[in-house]
Amino acid sequence: MARPRTALLDVDSIVDAALHITDATGDFTVKQLASKLHVHPSSLYHHVTGRDEVIDRMRARIGRTIDSSGFGTCPWDEALIRLAWSYRAAFAQHPGSIRLFATSRVRDRESLSEYERIAEGLHAAGFDWPEVLPIIIAFDNFILGSALDMGSGGNLYTPDSQAHPALTAAVGDPEEQPDPTDVAFELGLSALLVGLRQRLVDR
């Protein structure tokens, strides 16, 4: 039998399938991935070393749409704002996959290079090295949580007006309120930045 002129399987198709499965179920196995691609699991190992590499490539794929270019060209806080909004938008496209990324080690070179740029930018701004990683983790946790929140619409509260009058007043009329996810994200981001700016002032 003649060999096909084009490959039936490649890295991009594997990543596409893994994202599709994970967006729907929150995780994936090599067996599920092979089934999705209509191949034997062993066929995948001609293109990737295993599940960990697929996760790395999934993260790198999403990360390419995140804008970290402000570090080194803008003030550190402006760079963080630009990063935060693009980071949130990127992962909001894959809310089902967020738990997997949030609980998996960052190993791929592309993602680590982006974090390297952020770490250098924060240290250059005046933050001590022991502060840099906690700042990065705090932003990661906040942004991924907000990206997940976007999938819910940002308002999961249905209080009884008699039993919970204060919460009812806070919720208001959802149809008359601006997008609660954007408002909450901007508020939280501002609070984080105020705290970080104050740390530098206190020096």
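Me: What should I know about the model before I start?
Reply: The model is predicted, so local features need pLDDT of at least 70 and side-chain atom pairs count only at pLDDT 80 or more, while totals for chains, interfaces and linings use all residues. Residues are numbered from 1 along each chain as its sequence is written, and side-chain values use heavy atoms, with hydrogens and water left out.

Me: How many helices and strands are there?
Reply: The protein has 10 helices and zero strands. Both are DSSP runs, numbered from the N terminus: helices are H or I with at least four residues, strands are E with at least two.

Me: What about the overall dimensions?
Reply: The C-alpha trace spans about 70 × 50 × 25 Å along its principal axes. The radius of gyration is 21 Å, whereas a compact globule of 203 residues would have one near 17 Å. That radius is taken over C-alpha atoms, and the globule rule is 2.2 Å times the number of residues to the power 0.38.

Me: How much of the protein is buried?
Reply: Buried residues make up 34% of the 203 residues. Buried means under 20% relative accessible area, exposed means over 50%, and partly exposed is in between, with a 1.4 Å probe and protein chains only.

Me: OK, H5. Where is it, and how many of its residues are buried?
Reply: H5 covers residues 76-92, and 12 of its 17 residues are buried. Among them are Trp76, Leu80, Leu83, Tyr87 and Phe91.

Me: What do they pack against?
Reply: The buried residues of H5 pack against helices H4, H6, H7, H8 and H10. Contact here means heavy atoms within 4.5 Å.

Me: And H8, what covers its buried residues?
Reply: The cover includes H5, H6, H7 and H10. The buried residues of H8 include Ile135, Phe139, Asp140 and Leu144.

Me: What does Asp140 touch, then?
Reply: Asp140 touches Tyr87 and Tyr115, leaving aside residues up to four places away in sequence. With the side chain of Tyr87, the Asp140 side chain makes a polar contact of 2.7 Å. A polar contact is a pair of N or O atoms within 3.5 Å; within protein, one must be able to donate a hydrogen and the other to accept it, and residues adjacent in sequence count only if both atoms are side-chain atoms.

Me: Back to salt bridges. How many are there in the whole structure?
Reply: A search finds 12. One of them joins Arg197 and Asp77, with the closest N and O atoms 3.0 Å apart. Arg197 is in helix H10 and Asp77 in helix H5, so this pair ties together parts 120 residues apart in sequence.

Me: Is Asp77 buried or exposed?
Reply: Asp77 counts as buried, at 15% relative accessibility, while Arg197 is partly exposed at 33%.

Me: Which residues form a network of salt bridges?
Reply: Asp12, Asp16 and Arg61 are linked in one. Within it, the side chains of Asp16 and Arg61 meet at 2.8 Å, N to O. Asp16 is in helix H1 and Arg61 in helix H4, 45 residues apart.

Technical notes
Expected span 1.5 Å × (residues − 1). Salt bridge = Lys/Arg side-chain N within 4 Å of Asp/Glu carboxyl O.
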